[in-house]
Amino acid sequence: MQPSAAANPMRLDLVLVPALLGLALVIGLIEAARSPDPLMVIQAWTFVACLAGVGIWFLKRYGGGVPADETGAYQNDVVKAGVIASMFWGIAGMLVGVIIASQLAFPDIFYFPALPELNFGRLRPLHTSAVIFAFGGNVLIATSFYVVQRTSKARLAGGSWPWFVFWGYQMFIVLAGTGYLLGITEGREYAEPEWYVDIWLTIVWVAYLLVFLATIWKRKEPHIYVANWFYLAFIVTIAMLHLVNNMSMPVSLLETKSYSAFSGVQDALTQWWYGHNAVGFFLTAGFLAIMYYFVPKRAERPVYSYRLSIVHFWTLIFIYIWAGPHHLHYTALPEWAQTLGMTFSVMLWMPSWGGMINGLMTLSGAWDKLRTDPVLRMLVVSVAFYGMSTFEGPVMSVKAVNALSHYTDWTIGHVHSGALGWVGFVSFGALYCLVPWLWRRDRLYSNALVEWHFWVATIGILFYITAMWVSGIMQGLMWRAYNDYGFLEYSFVETVQAMHPYYIIRTLGGLLYLSGALIMAYNLWRTAARGDVRKSEVSGTATAVAQGA
């Protein structure tokens with residue numbers, strides 16, 4: 001527990017947060033005691049255990065008074081916790097990814113019929129949720145809490161509410177992940193958790209939105225820096241997507257199973273309106289906020305064009321929301337809706353590449369730093385991957401291309417070029433920046449280890465995406481090949497056999513990427529554990545940098 005900076009005043013948050021946790025604890029105990037569903041009983045006790053742990057932590061932190069961290073200029077402890085959680089969940093999610101890649105490459109070795117929790121059908125949603133929501137979500141929460149304070153020149157609003165957001169989000173991850181292993185799922189891409197987990201996430205997300213908005217509201221800096229606009233768009237839009245896509249009716253308030261409010265093609269359209277915009281706003285808008293703060297900060301250069309960043313923001317926001325139907329080409333969805341999705345997807349080239357150019361041109365006058373600063377190199381390469389992925393995506397949305405690419409490994413390669421190259425590298429770059437700043441170290445423990453991480457991970461990405469591109473295009477061509485008699489040339493098993501070498505290469509690529517993350521975790525741990533404490537935080541803010549443009 002941190003030393004008290006003042007006598008414990010009567011603060012509303014110190015009443016409301018424990019009251020909310022207590023109410024949730026009572027509901028969890030009722031579910032555990034009354035539910036006839038054994039899976040719900042396990043989930044309820046998991047929820048209760050998490051709440052008990054958070055409650056004990058809360059008492060230890062606030063029992064002796066208001067911690068000094070909540071009375072200083074900025075609230076840093078919650079950001080530190082987010083950095084640690086990001087690395088933990090990132091390594092866990094990548095490890096599961098390597099396991100399921102190994103299951104596809106070597107099914108005779110990595111198939112465990114006696115352990116249904118370890119089969120591909122349960123581990124695959126665990127992997128996607130862990131790397132997107134556990135790793136990516138914690139990176140976004142941590143960086144947004146850091147950036148909004150510096151660019152607003154104001155401490156996080158809400159006192160203990162940021163901590164509720166952090167711990168509540170970890171509880172969501174634990175409930176969702178353990179649910180997948182138990183076979184509890186809605187079967188909706190990127191929206192797998194069942195109704196009770198969705199309700200808990202909604203509560204946490206509303207608290208997140210209010211903390212972020214209140215911090216901006218009490219800002220001392222009149223200008224709202226563009227990164228905060230991207231963070232705000234990500235938070236608000238994900239809330240809207242989550243509420244609509246997860247509208248469902250539980251079989252019983254004491255059971256895990258629920259049924260969607262939509263059916264048929266309406267359900268499919270709602271799902272991919274959500275699914276594509278989860279990519280657009282969670283994996284794009286949120287991480288663009290990171291780009292707009294950390295690239296100028298690391299390069300010590302102003303944003304290339306602040307006007308272009310605003311154009312980038314508004315065009316991306318207005319266009320992205322319409323692109324979802326391109327996931328449903330050649331389905332029962334009306335032709336006009338398919339064409340609408342394709343058209344808006346192609347239009348996304350313009351704002352996406354405008355943002356990429358803005359990020360890359362921010363290095364004008366500072367390109368020489370790429371030779372000596374591997375962290376900046378990682379951030380810049382992430383922007384290049386962003387540009388590549390946002391070129392490939394619109395191409396794949398065109399119906400003629402989609403007829404070849406859809407349902408094949410080409411889609412897997414496309415997703416991972418964005419996830420590993422764009423989201424992964426920009427997150428790694430931000431975490432490499434944050435650890436010395438937050439723990440007040442003059443530098444990272446080892447720049448050489450960052451170099452190793454960069455090259456090992458980059459080679460891993462190239463192995464992964466090139467293997468999937470070749471595998472996917474070959475797969476699509478084999479599926480549509482006919483012989484002279486009009487019958488299919490190849491059986492499904494023959495396509496699987498042909499893809500086997502590429503599955504091995506993909507596994508190797510994933511293993512290299514995971515190795516890079518392990519190198520990073522060691523480097524960050526040694527950085528935080530060093531004894532050279534710097535007296536003050538890194539000077540200046542991205543706002544000041546940007547307004548020099």
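**Briefing: patch, core, helices and salt bridges**

Tyr-304, Trp-353, Ile-357, Met-361 and Phe-391 make a nonpolar surface patch of about 460 Å². This is a predicted model, in which local features need pLDDT of at least 70 and side-chain atom pairs count only at pLDDT 80 or more, while totals for chains, interfaces and linings use all residues. Residues are numbered from 1 along each chain as its sequence is written, and side-chain values use heavy atoms, with hydrogens and water left out. The structure holds 13 salt bridges. Its largest nonpolar core has 144 residues.

**The surface patch**

- Patches are made of residues with over 30% relative accessible area and no salt bridge; like charges are joined within 9 Å, and nonpolar side chains (Val, Leu, Ile, Met, Phe, Trp, Tyr) within 5 Å.
- Accessible areas come from the Shrake-Rupley method with a 1.4 Å probe, and for residues only the protein chains shown count as cover.
- Helix H11 (residues 349-361) supplies the largest share of the patch, 3 residues. Helices (H or I, at least four residues) are DSSP runs, numbered from the N terminus.
- Tyr-304 sits in the loop between helix H8 (264-299) and helix H9 (306-320).
- Tyr-304 counts as partly exposed because its relative accessibility is 44%. Buried means under 20% relative accessible area, exposed over 50%, and partly exposed in between (1.4 Å probe, protein chains only).

**The nonpolar core**

- A nonpolar core is a set of buried Ala, Val, Leu, Ile, Met, Phe, Trp, Tyr and Cys residues joined through side-chain atoms within 4.5 Å.
- In the largest core, the residues with the most contacts inside it are Tyr-169, Phe-234, Phe-282 and Phe-294.
- H8 gives the most to this core, with 16 residues.
- Tyr-169 touches several residues beyond four places away in sequence, among them Phe-133, Ile-141, Phe-164, Trp-205 and Phe-282. Contact means heavy atoms within 4.5 Å.

- Helix H10 (residues 335-347) has 13 residues.
- From its first C-alpha to its last, H10 reaches 18 Å, close to the 18 Å expected at 1.5 Å a residue. The expected span is 1.5 Å times one less than the number of residues.
- Ala-337, Gln-338, Gly-341, Met-342, Phe-344 and Ser-345 are buried in H10.
- The buried residues of H10 pack against H9, H11, helix H13 (374-397) and helix H14 (399-405).
- Thr-215 belongs to helix H6 (residues 195-217). Thr-215 is buried, with a relative accessible area of 0%.
- Leaving aside neighbours within four places in sequence, Thr-215 is in contact with Val-148, Ser-152, Ala-154, Arg-155, Leu-156 and Ala-157.

**Two loop residues**

- Leu-444 lies in the loop between helix H15 (409-438) and H16. Leu-444 is buried, at 7% relative accessible area.
- Leu-444 and Thr-527 are 83 residues apart in sequence, yet 5.4 Å apart in space, C-alpha to C-alpha.
- Beyond its neighbours within four places in sequence, the contacts of Leu-444 include Val-375, Tyr-432, Leu-524, Thr-527 and Arg-530.
- Asp-484 is in the loop between helix H16 (447-479) and helix H17 (492-529). Asp-484 counts as exposed, at 81% relative accessibility.
- Asp-484 and Asn-228 are 256 residues apart in sequence and 60 Å apart in space, C-alpha to C-alpha.

**Salt bridges**

- A salt bridge is a side-chain nitrogen of Lys or Arg within 4 Å of a carboxyl oxygen of Asp or Glu.
- Arg-61 and Asp-77 meet in one (3.8 Å, N to O). Arg-61 lies in helix H2 (residues 38-62) and Asp-77 in helix H3 (residues 77-105), so the pair ties together parts 16 residues apart in sequence.
- Arg-61 is buried at 7% relative accessible area, and Asp-77 counts as buried at 17%.
- Arg-61 and Asp-77 also belong to a network of salt bridges that links them with Arg-11, Asp-13, Asp-69 and Glu-70.
- Arg-124 forms a salt bridge with Glu-189, the closest N and O atoms being 2.8 Å apart. Arg-124 lies in helix H4 (residues 120-152) and Glu-189 in the loop between helix H5 (161-182) and H6, so the pair ties together parts 65 residues apart in sequence.
- Arg-124 is partly exposed at 27%, whereas Glu-189 counts as buried at 17%.
- Arg-530 forms a salt bridge with Asp-442, with the closest N and O atoms 3.3 Å apart. Arg-530 lies in the loop between H17 and helix H18 (542-547) and Asp-442 in the loop between H15 and H16, so the pair ties together parts 88 residues apart in sequence.
- Arg-530 is buried, with a relative accessible area of 18%.
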